[in-house]
Amino acid sequence: MHKTSQGVRIDHISKIYTDPKTKKKFYAVNDVSLDIQPGEFVTLLGPSGCGKTTTLRMIAGFESPDAGEIYIGDTAINELTPNKRDTAMVFQSYALFPHYNVYDNVAYGLKLRHLKEAEIRERVMKILSLVELDGMEGRMTNQLSGGQQQRVALARALVVEPSVLLFDEPLSNLDAKLRVSMRTEIRRIQHTLGITAVYVTHDQAEAMSISDRIIVMKGGVIEQMGTPKECYYHPANAFVADFIGEANFLDGEIRETLGAGCRVTINGKDVLLKNPDGFRAGQKVQMVLRPEAARIGETGMLPCRVALSCFMGAYQNYHVMVGNTLIKIADYCPVNKRIFEVDETAYLSFDADCVHILNAEA
């Protein structure tokens, strides 16, 4: 592929649907704006009904926004039909032609563009090599595994050399192990080509592993935009913290501020934490603590009672009660460590750097 990649700009778009049962109108997407840079891999992430697929379909041209404008590069595309937009879609269902072989499936879009057969063959064979399907061009699609079919769907989208590649939950029909290998392949191919990619999924692990940036959505609006690390370590709110990975929440109150730090009272105990967001004394707060950042020991910060102790191989999985709050702990490499059993008393500890404070009053 030789074409220069282009970015996508979404400017205050909204999409309104009517509920078929209640006949009431609702926002599937509500005043969403974002700017995707050329060559960037951006994932729209969120639960069912959050607006991620509707947003993708509006970029593709399968839905029209009721307000706002969509641009590819500097070109407004609202009025363009899907075939006139410089995009290609990889669907969840693959959407392959069962009566065509691999070669003809991949060549289909090029034939519609009336390219010469020699150029079609050169481009098809080149893209089949990129997706590691060399020598399979003569096979029928029903002779392929699920992963191979997804590679054909990806090759068919790439061969037309779009400026923007769109993915609508492309791996949801694959088994867990194959999903992991395919998402790695998708990222490799996207990085090799430098193509702009917009990817939709509800799988946070998938989003974390392939994205330059994640757009977390809920109820038709954007909750947070950021790199995987930013969304994981510095979630904007409790919804993002809970959706991106697994999170524990400890309620507390800022007792006093100490320069860039603060003293927080949790379950009657004072804990020193960092305070980068400038919380004030007296504020009710919520601490986000990831299971892998929590430690259990015979001494520590907060007394707790063990409610679950389960060996998971790579880690010992604990559930402990800090007062009435359940805290999950992933104690990695438990070999030669003291294993706490159910109903034992222990202590929970964590580093100040590993806790993110949220405003509980927001």
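The model is predicted, so local features need pLDDT of at least 70 and side-chain atom pairs count only at pLDDT 80 or more, while totals for chains, interfaces and linings use all residues. Residues are numbered from 1 along each chain as its sequence is written, and side-chain values use heavy atoms, with hydrogens and water left out.

Select Thr87, Ala88, Met89, Arg113 and Val160, which lie nearest the centre of the largest pocket among its 20 lining residues. A pocket here is an open set of points on a 1 Å grid over the protein atoms alone, where a 1.4 Å probe fits, with protein on both sides within 12 Å along at least five of seven lines, and lining residues have an atom within 4 Å of a point. About 560 Å³ of space lies in this largest pocket, a volume being the space filled by probe spheres set on the points.

Next, select Tyr233, Asp353, Cys354, Val355 and His356, which lie nearest the centre of the second largest pocket, where about 300 Å³ of space lies.

Now show Arg213 and Glu40, whose closest N and O atoms are 2.8 Å apart in a salt bridge (a side-chain nitrogen of Lys or Arg within 4 Å of a carboxyl oxygen of Asp or Glu). Arg213 is buried at 18% relative accessibility, and Glu40 is buried at 12% (buried means under 20% relative accessible area, exposed over 50%, partly exposed in between, with a 1.4 Å probe and protein chains only).

Finally, select Glu344 and Arg338, whose side chains meet in a salt bridge at 2.9 Å, N to O; Glu344 is partly exposed at 24%, as is Arg338 at 39%.
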